[in-house]
Amino acid sequence: MATPPAFSDSNDNHSSNISCVSNTDTFSSSPDFPAADVASLRRLSDNLDAIFQSPQYGFCSDARIMVSASRDVPVHRCILAARSPFFLSLFTAAPKDRTPKLELKELAKDYDVGYDALVSVLAYLYTGKVRPPPEGVCVCVDEDCCHLACRPKVDFMVQVLYASFNFQIAELVALYQRHLLDILDKVAIDDIPVILSVAYICEKACSRLLAKCIEAVKNSDLDAVTLEKAFPVEIAQQIVRSESNSNPDMPDGMGFPNKHARRIHGALDSDDVELVRMLLKEGHTTLDDACALHYAVAFCDSKTTTELLELGLADVNHRNMRGYTVLHVAAMRKDPKIIVSLLTKGAHPSHLTSDGRKALQIAKRLTKSTDYYKSMEEGKASPNDRLCIEILEQAESRDPLVGEASVSLAIAGEDLRNRLLYLENRVGLAKLLFPTEAKVAMELAKVDRTSEVPVAARSKLSGGNQGAAVDLNDAPFRLKEEHLARFKALSRTVELGKRYFPRCSAVLNGIMDNDDLANLAFENAEEQLQKKRRFLEIQDAVAKAFSEDKEDNRRCAMSSSSSASLEGSTTTFSMR
């Protein structure tokens, strides 16, 4: 596979009239292009666009680019080879007797390129025109965002830039470098590393973009740890050297951790929380001094973060030198388990960053609109982005309700045996119907450390299969330690579900009231399929109701805000 040439950004004079937000033709009437020629070129472009887009021409494609196991893009080797030196070299070396299936991950080795970015680049190769991005691709979930430079737009533009460079399309590289330069001063500083990393890969082709990104970082409040973790080594060293020369007090200003804090960070990198505990006994630095929770949430796995939280030695609302709480960092990480862990330990979702953002707003501005709303379709698993937003919305909307699970459990029976069976049935259904949400709640409640109630006991009233674990068939029933441990873990799971996944919980409430559906988790595959169809009908209705409730709440909030503004104006006028 050919290596992309190191072309420079002197190509910036190409395609100066192309726009990434409009379908402006690259052909224009001039003495060199008579009107008839312009019309012919446009017709040729439209015909090639139809070949690329229309399924009716799929029969003539002779190669495929595999985006995922279930999604590919049919292409035509002659067109791509004629338009791109990269594809010319690739297809020349490929066997001629079969249809090549090219893996996108192999074509774009150094960076993840998504389907929408790939299609945009290929469409340019076919038509010579830059088409507008698909609807929702460059828009985040936050309705208050102007979307000029939010993360989804940055991600799309950077992916197109990298794919253009990799496929050796110099004019498209120059165009998207200019577009990124135009919005760079509006991009959040935490998103600059995304742009800088690709500009660094493109080297001379994006030298101006790279220089401007470095300058933006130098003038920002990014700390040394972020520099080391998020930037190429050479760039981080260049920035540190530059700051050292201009600012003798730079180590304090850049937030360099002391030696003991670095040892704590190193222990976290090794997932060794026990070593962290030993280092703390030396007494030189606390977890808050080292911003250890911030570090773990940003750079370590969720298990290490949870274990560090369990030490109970760190303030979950502590702010780092940039004014971020641990929950703000967790919102950037987009891991629902970590977010729920912090909230259950007392993290405040209402705390603001220095520029006035809450964790919920951070999460929304990182989430692409199309991904968020597509996941609400029937049968779609909830992605982490959407789960994080829903969890933070619930955390903001109400305070934790202690004992909430026990109140609803009262309907399941007066004795512990019936309540434990109810919990097993409910959590079993949650695992079957909402696997992502159930996994988050169950891991935090440590359900895996307890013994499961056997299927025989759970389905005793409906005639189930045999199982083996905690025995509830004692007569009379005797409370044992394993019963209590299981009860506490399952109760905690249900409580977390009610607090952070109310939509799912509402569906489960409806099912648990229906004896026929409540046994769904314990039947054979055919019975499960039949009843799951019935469940999906309920789920669809609840999801619709949930969306309508959210819209009503949003309107009420806007109405309240308008009323408050009007009242304030009236009061001011009266005082005058």
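Okay, let's start with an annotation: UniProt, in an unreviewed entry, puts "domain: C2HC NPR-type" at residues 137–151. Those positions follow the numbering used here, the feature name is shortened, and such annotations may be inferred rather than shown by experiment. Helices (H or I, at least four residues) and strands (E, at least two) are DSSP runs, numbered from the N terminus.

Quick word on what we're looking at. This is a predicted model, where local features need pLDDT of at least 70 and side-chain atom pairs count only at pLDDT 80 or more, while totals for chains, interfaces and linings use all residues. Residues are numbered from 1 along each chain as its sequence is written, and side-chain values use heavy atoms, with hydrogens and water left out.

Now, the cores. A nonpolar core is a set of buried Ala, Val, Leu, Ile, Met, Phe, Trp, Tyr and Cys residues joined through side-chain atoms within 4.5 Å. The largest has 73 residues, and Leu268, Leu308 and Leu342 touch the most other members. Helix H23 (residues 416–433) gives this core its largest share, seven residues. Apart from it there's another core of 72 residues, including Phe52 and Leu175.

So where does Ala331 sit? It's in helix H17, residues 326–333. Ala331 counts as buried because its relative accessibility is 0%; buried means under 20% relative accessible area, exposed over 50%, partly exposed in between, with a 1.4 Å probe and protein chains only. Ala359 is 28 residues away from Ala331 in sequence, yet their C-alpha atoms are 5.6 Å apart.
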